[in-house]
Amino acid sequence: QQQEEAVRQMLARQYDQSYTTEKAINDFLGFKGKTADFLGYNSKTNQWLIAESKGSNISDAVLQIDNTAKRLLAKYPDANVELRIYLDVRHFEQLESGGKIYNWMLNEGRYLGFSDDSQQFIYQFIEGVKILVKAAPAP
């Protein structure tokens, strides 16, 4: 909860239009359901950011970002969207050092993916966009 709030506060300072609660995001997108923790728009860069903060439950983060991205793109089909997951430092470092959380892993650019049967890295895409993974700020 504290990590989530720290991420929301940090991001809200960077976006001139921000939605930082599930209710606010649902109301803005006309949706009822699980959403990401943060939805923001930067008018200077014409870019939307969808971000989720998690300890280690990356699968839920992907689902929440997916729900939010689908609704945002239904409302703004030409939106320029960036996707991020903020993990607690311990789990971020585990992935960054080449480890896996369940079958999730990062490439050198810190994008989320998984390995297939031949141990090849496969990017996780949502609506054609890769997901950047970062360490959450200290609460």
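## Strand pairing

Two strands are taken to pair if DSSP finds at least two bridges between them. The model described here is predicted. Strands of a sheet pair through backbone hydrogen bonds, in either a parallel or an antiparallel sense.

Strands E5, E6 and E7 form, in that order, an open sheet of three strands with antiparallel pairing. Strand E5 (104–106) and strand E7 (121–123) are the edge strands, each pairing on one side only. On average, and with direction ignored, neighbouring strands of this sheet are turned by 50° against each other. Strand E6, residues 112–115, is joined to E7 by three bridges in the antiparallel sense. Ser 115 has Phe 121 in E7 as its bridge partner.

## Strand E9 and its partners

Strand E9 (residues 129–135) runs parallel to strand E4 (residues 81–87), and five bridges join them. Within E9, Lys 134 is the bridge partner of Tyr 86.

Strand E9 is also joined to strand E8 (residues 125–126), here by two bridges and in an antiparallel arrangement. The bridge partner of Phe 125 in E9 is Lys 130. The hairpin of E8 and E9 has two residues between the strands, and Glu 127 takes a positive phi near 50° in this hairpin.

## Helix H3

Helix H3 comprises 18 residues, 58–75.

The buried residues of H3 include Ile 58, Ala 61, Val 62, Ile 65, Ala 69, Leu 72 and Leu 73. Gln 64, Asp 66 and Thr 68 are buried as well. An α-helix has 3.6 residues a turn, so residues three or four places apart point the same way.

Nine aromatic pairs are found in a search of the whole structure. In one of them, the ring centres of Tyr 123 and Phe 125 are 5.9 Å apart and the planes stand at 55°, so the pair is tilted. Tyr 123 is partly exposed, at 29% relative accessible area; Phe 125, at 42% relative accessibility, is also partly exposed. Elsewhere, ring pairs link Tyr 19, Phe 28, Tyr 41, Trp 48 and Tyr 76 into a cluster.

Over which rings does Lys 130 lie? Its charged end sits over the ring of Tyr 111, 5.5 Å from the centre. Lys 130 also lies over the face of Tyr 123, 4.2 Å from the ring centre.

Terms used: Residues numbered from 1 in each chain as written. Predicted model: local features only at pLDDT ≥ 70, side-chain atom pairs only at ≥ 80, totals over all residues. Heavy atoms only, no water. Phe/Tyr/Trp six-rings, centres within 6.5 Å; stacked < 30°, edge-to-face > 60°. Buried < 20%, exposed > 50% of the residue type's maximum accessible area, 1.4 Å probe, protein only. Lys NZ or Arg CZ within 6 Å of the ring centre and 35° of its normal. Helix = DSSP H or I, 4+ residues; strand = E, 2+ residues; numbered from the N terminus. Axes fitted to C-alpha atoms, helices over the stretch in contact; angles between N-to-C directions. Expected span 1.5 Å × (residues − 1).
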